[in-house]
Amino acid sequence: MSGAVRPSGAAAKAAELAVWWAVLTGLWLVLVSSPDLLEYLVGAGAALLGAFAARAARRAAAGDAHGGRPR
C-alpha cells in the first residue's frame, strides 16, 4: 500500500481539467510571440475547450465512456 490518497470523483475531474488547462495555456503562451490581454483570454478559453476534449479522449481511450458506472 503506497499510502497516497486519491481524490474522489468530482475532485479528480476538476484536478485533471485544471492540469490540462494549465499545460495547454502554457503551451499557447510559449507559441504566441507577444501576448497581450486579449490573446491571453482567447488562449485561456481555447485551452479550456482543449482540456475538456483531452479528458474526453483519455476516458474514451481507457474505455471509461460511462464514467465507471455500469449500464
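**Notes on a two-helix model**

1. Let me start with the inside of helix 1: Glu16, Leu17 and Thr25 are buried there. Buried here is under 20% relative accessible area, exposed is over 50%, and partly exposed is in between, with a 1.4 Å probe and protein chains only. Those buried residues of helix 1 pack against helix 2. Helices are DSSP runs of H or I with at least four residues, strands are runs of E with at least two, and both are numbered from the N terminus.

2. A word on ground rules. This is a predicted model, where local features need pLDDT of at least 70 and side-chain atom pairs count only at pLDDT 80 or more, while totals for chains, interfaces and linings use all residues. Residues are numbered from 1 along each chain as its sequence is written, and side-chain values use heavy atoms, with hydrogens and water left out.

3. The overall picture is simple to state: the protein chain has 2 helices and 0 strands. Of its 71 residues, 15% count as buried. The chain exposes about 5,500 Å², with carbon and sulfur atoms supplying 69% of that; accessible areas come from the Shrake-Rupley method with a 1.4 Å probe, and for residues only the protein chains shown count as cover. Among contacts in the chain with a separation of 6 or more, 47% come from residues 24 or more positions apart. A contact means heavy atoms within 4.5 Å.

4. Both helices pass a length check. The expected span is 1.5 Å times one less than the number of residues. Helix 1 has 23 residues and should span 33 Å at 1.5 Å a residue, which agrees with its end C-alpha atoms being 33 Å apart. Helix 2, with 26 residues, reaches 37 Å from its first C-alpha to its last, close to the 38 Å expected. After helix 2 comes Gly63, with a positive phi near 80 degrees.

5. Now look at Leu17 in helix 1. Its relative accessible area is 17%, so Leu17 is buried. Setting aside residues up to four places away in sequence, Leu17 touches Ala51, Phe52 and Arg55. If you want a distance to check in the viewer, the C-alpha atoms of Leu17 and Ala53 are separated by 9.7 Å, although the two residues are 36 apart along the chain.

6. Thr25 is also in helix 1. With a relative accessible area of 5%, Thr25 is buried. Apart from its neighbours within four places in sequence, Thr25 is in contact with Tyr40, Ala44 and Ala47.

7. Side chains of opposite charge can pair when their charged atoms come close. The structure holds 2 salt bridges, a salt bridge being a side-chain nitrogen of Lys or Arg within 4 Å of a carboxyl oxygen of Asp or Glu. In one of them Arg55 pairs with Glu16, with the closest N and O atoms 3.4 Å apart. That pair links distant parts of the chain, as Arg55 sits in helix 2 and Glu16 in helix 1, 39 residues apart. Both Arg55 and Glu16 are buried.

8. Glu16 also meets the side chain of Arg58 in a salt bridge, at 2.7 Å from N to O. Arg58 lies in helix 2 and Glu16 in helix 1, so this pair ties together parts that are 42 residues apart in sequence. Glu16 counts as buried because its relative accessibility is 17%, whereas Arg58, at 39%, counts as partly exposed. Taken together, Glu16, Arg55 and Arg58 are linked in a network of salt bridges.

9. Trp21, Trp28, Leu29, Leu37, Leu38, Tyr40, Leu41, Val42, Leu48 and Phe52 make a nonpolar surface patch of about 940 Å². The elements that give two or more residues to this patch are helix 1 (9-31) and helix 2 (37-62). Patches are made of residues with over 30% relative accessible area and no salt bridge, joining like charges within 9 Å and nonpolar side chains (Val, Leu, Ile, Met, Phe, Trp, Tyr) within 5 Å. Which helix gives the most to the nonpolar patch? Helix 2 does, with 7 residues. Leu38 of helix 2 counts as exposed because its relative accessibility is 59%.
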